[in-house]
Structure formats: structure tokens, C-alpha cells
Amino acid sequence: MTSKSLRPEIRWAVEAAQDKQAGDITVLNLSGAGAFAEYFLLCSGRSQPQIRAIAEAIEEQLGRHGVRVTHREGKVGAEWVLLDYGGFIVHIFSPRAREYYDLERLWRSAERFNFSAPSDALRHTSEGESMNEHGQP
């Protein structure tokens, strides 16, 4: 699987998070893992206003394409916002909350796509091994 094969709405959500300078953007492919969603998109915000801005940008971007959030959790000042789009769930964390919940470790066997920054090339990992854009470790 490549980043191009990710569903368009997941790519749009990644782009919106990148536009708001989200950190450590990761997509986990949970299909076949018995999870309640096919994908998780995880990212971090450095402050509560940035976390809120990332969530709003994702909702706006997907809304422009007719994709609506089915459930939202996290209040103003929260360190974790969850946007449920049915087949995929967006988790926006503060660095402290992301470390505490450590969903990457919990779902460590999932296929993983890492997006470090808007200008960085996509790095695809499977079973925890980092790869560059040429498929080299």
C-alpha cells in the first residue's frame, strides 16, 4: 500500500493537519486488525489553541468535500480531540497526552504512514521499520 492508495478523505485530513503545522502526523492502517475503524490518523499540536485549529481545519477541509464528522470529542482546553468519520478516526493530541495514550505502541503491528512536515517526503513503515521515499531503511 502506498500513500496514493489511502482514501482521499484521509489524504485531505493529512493536508489540513499539515497546513496547521501539526507534528508527527501518522496514519495507521488497522484493516484486518479487528479494530472499530479502518484507519487512525494521529497528530500532535503544541498548544491547546493549535489542537483546536488543527481539528477545525480538518473538519473544514473534509466538509468542503461533503465528508462530515459523525462524532467529536474534546472540549476547549482539551489535550486530545477525537474526530470520528466512521471508517477512520482522527486523534489530535498534546505531546504529553500522545505519549500517555501511546496508540502507536498499542497498534504497533499496523501498517504505518508517517508525515513529518508538509515539505517532507512521505515515509512508509511496516511493523515499525522506518523507510525513506525510496524504500530504504
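**Notebook: Ile58 and its surroundings**

I started at Ile58. Leaving out residues up to four places away in sequence, I found that Ile58 touches Ala13, Ala16, Ala17, Leu83, Tyr85, Val90 and Ile92. I note that this is a predicted model.

Next I looked up the cores. The largest nonpolar core has 26 residues, and Ile58 is one of those that touch the most other members, along with Val27 and Ile92. I listed the elements that give two or more residues to this core: helix 1, helix 2, strand 1 (23–29), strand 2 (39–44), strand 4 (80–84), strand 5 (88–93) and strand 6 (111–115). Which element gives the most? Helix 2 does, with 6 residues. I also found a second, separate core of 12 residues. Among its members are Ala37, Leu42, Ala97 and Trp107.

Then I turned to the helix pair. I wanted two values, because two packed helices are described by the angle between their axes and the distance between the axes. Helix 1 covers residues 8–19 and helix 2 covers residues 48–64. They pack at an angle of about 140 degrees, and their axes are 8 Å apart. Angles over 145 degrees would count as roughly antiparallel. Helix 1 and helix 2 are therefore oblique to each other. Their crossing is right-handed.

Which residues make the contact? From helix 1 I noted Glu9, Trp12, Ala13, Glu15, Ala16 and Ala17. From helix 2 I noted Ile54, Ala57, Ile58, Gln61 and Leu62. I sorted the residues of this contact by kind: 8 are nonpolar, 1 is polar and 2 are charged.

That brought me back to Ile58, which belongs to the helix contact and touches Ala13, Ala16 and Ala17, among others.

Terms used:
Residues numbered from 1 in each chain as written. Predicted model: local features only at pLDDT ≥ 70, side-chain atom pairs only at ≥ 80, totals over all residues. Heavy atoms only, no water. Axes fitted to C-alpha atoms, helices over the stretch in contact; angles between N-to-C directions. Helix = DSSP H or I, 4+ residues; strand = E, 2+ residues; numbered from the N terminus. Parallel < 35°, antiparallel > 145°, perpendicular 65-115°, else oblique. Left-handed = near helix turned anticlockwise from the far one by under 90°. Contact = heavy atoms within 4.5 Å. Nonpolar A, V, L, I, M, F, W, Y, C, P; charged D, E, K, R; others polar. Core = buried A, V, L, I, M, F, W, Y, C linked by side-chain atoms within 4.5 Å. Buried < 20%, exposed > 50% of the residue type's maximum accessible area, 1.4 Å probe, protein only.
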